Structures are given as C-alpha cells and as structure tokens.
Amino acid sequence: MYKSIDFFRFQEMFSSDHKCWNYLVKRRWPVEFQCPHCGHNRYYFHPQRALFECKACRYQSSVTANTIFHKTRTPLKKWFWAIYLMVHQKNGISTLQLQKYLGIKTYKTVWVMVHKIRQAMAARDSTYQLCGLIELDESYFGGKGHTGKRGRGSENKSPVLVAVEVPDNKRPKFAWFGQVPNLESEQIEKALKKKIKDLSILKTDAYKSFLFIPQKGYYHYPKVMSDNQKIADHLPWVHILIGNVKNAIRATFHGVSAKHLSRYLGEYSYRFNRRFFEPQLFDRLLNACVLTQTITFSELRQ
Ligand SMILES: [Zn+2]
C-alpha cells in the first residue's frame, strides 16, 4: 500500500496494465484466492486469458468479474488514473477534462467509466449512518442549463435533504445528501430513518415538513429564522456545504440531471467524509470499485 499521493510515485507503481492487474488481485483477494463459486482457495492459473480456475469446482473467474472493470477494453492503467483523479479533485473533474488527460478517443467510453466510479463512491458512502448532533436542511440541486431561477421549487431541480454530523457543535464530521422525490413529511421520514440513527439530535429551520421529527425517535431543535445571520448561527455547516457543493457542481459539470443527481451528490459526500484520509484515498476507492455492485451502460441510459 502506498503512503504518498504524488503523480510520480503513482505513475511508477501503475506504469503497466500488468502492475495494475497484480494490484487488483491483492485488493480482491487480500489473504488468498477464493473461488467466487464455491469458496475454495486453490486454483490453476491460465496466463493467456488471465483466468483463475478453481481446483475444486472448475469454475473460471477473472479478477475483474463483477467489478467496474468487467469486460472493459480500456487499459487498467487508464482506469486507475481515472480513479486517482476523481478521488483527489475536491471539486470533481469533468468527463471532458478526464478524456483529455487519459487520451481516450470516445467521450462515451469515459462517460461510462466516470459514472461507474461515481456509482462506487455513492454506493460505499450510502452505507454510513449519521448520529448524535446533526444539522439538517433541505435544498434543491441539479437541473440542466441555466434558467436563472433559484430556491425552493425551481424548474428541473430536485429536492435534497442535507445533513451534517457536528459532534462537538464546532467541527463537522460526516455529511449526507439525500435526494428525495418531494419534501413531504413521509418522504423525509423515510430517508432520515435509513440514514440517521434514532435518538439523534436534529437541528433544523422551522420548515413544516420537519415538524414530525420529535414523534419519530429523534430530538428536534427547530428555529424560526428570519434573517441570514440567524441561519448562519443555527445551521452553519449545512449551509456552507450546500453552497460549496452547488458551486462545485456548477463550475465542474454546469448542470446535472435528476436521474444522475444522487450519484453526483454521493461523489461529493464520499470525498468530504474521507477528507482526513488523503494518503488512503486511492486504495479506498479502488476497494469500493472492486467490492460494490456496479452499474451498466443500459441502466445509466434508462
Ligand atoms: Zn470453486
């Protein structure tokens, strides 16, 4: 496992597909080979097709099966660079920019790669739960193009719950962006129950859809806020985060459609929630790419 993140070391470690392949084997089977079919640990290796054949059940598997690299025709070292660049860019990286960096001819190829990596980030991040003292607010994100409209209910934008765990009421720990179909109490409750542990303390504004909160296993601190300063005092981190992510999405992607929005938001919270683990960012995301359920091109197109 590497300790620094500089380009030169990364390039040296993953200068060939063979090196990347070996690294992937170690991530997939950190202790020893395990047959995906029967769990047996002994195998024959077929070098020409890079296949592992289980000695017990004869099932043949590749290290990339069921990962985001499954049947890819793009060299692994380009995938590795895509992962590296996506996880280290605080504000994200556009598909077009990545296409230039990676020297890949077809935009669609890069578009699918990026979405698969983003899906791995979002899927991994969705397993976290927040608890304790939490700032919670709602906002609208996404939308294609520039309609010039802002705020609650703007065209093409999707409602999103944003929560930040602030254990000591000073510094934020974890964040969550949850896209919801609408801002009715039932939808909010459903989303909160999945993501926020019972008995947590939720600070919100006095938005009517939040008023159910005390009946549902949480403590609730709503505040009626008439001016910006009061909002900043009561919910400082959640507002900073909403502003930062909106700016980043606007600057990097110009707009995001509702059907892909939750993955984009997952990408941002993934990076935010791991901001103190910088030397491990690549390895952690590579693990997520190997271990989480991936998404296909046809699913992306739906
Ligand atoms: Zn087997």
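**View 1. Valine 162 has phenylalanine 177 of S6 as its bridge partner.** This is a predicted model, in which local features need pLDDT of at least 70, side-chain atom pairs count only at pLDDT 80 or more, and totals for chains, interfaces and linings use all residues. Residues are numbered from 1 along each chain as its sequence is written. Strands here are DSSP runs of E with at least two residues, helices are runs of H or I with at least four residues, and both are numbered from the N terminus. Two strands count as paired if DSSP finds at least two bridges between them.

**View 2. Helix H9 (residues 258-273) packs on the sheet.** H9 touches strand S4 (133-141), S5 and S6, where contact means C-beta atoms, placed from the backbone, within 7 Å. The direction of H9 makes about 175 degrees with that of S6; axes are lines fitted to C-alpha atoms, for helices over the stretch in contact, and angles run from 0 to 180 degrees between N-to-C directions.

**View 3. The open sheet of 5 strands goes S6-S5-S4-S7-S8, with mixed pairing.** Strand S6 (175-179) and strand S8 (219-223) sit at the edges with a single partner strand each, so one side of each has no neighbour in the sheet. On average, neighbouring strands are turned by 25 degrees against each other, direction ignored.

**View 4. An open sheet of 3 strands has antiparallel pairing and the order S1-S2-S3.** Its edge strands, strand S1 (43-46) and strand S3 (60-61), each pair on one side only. Strand S2 (residues 51-54) pairs with S3 over 2 bridges, in the antiparallel sense. Look for glutamate 53, which stands opposite glutamine 60 in S3.

Key: Contact = placed C-beta atoms within 7 Å.
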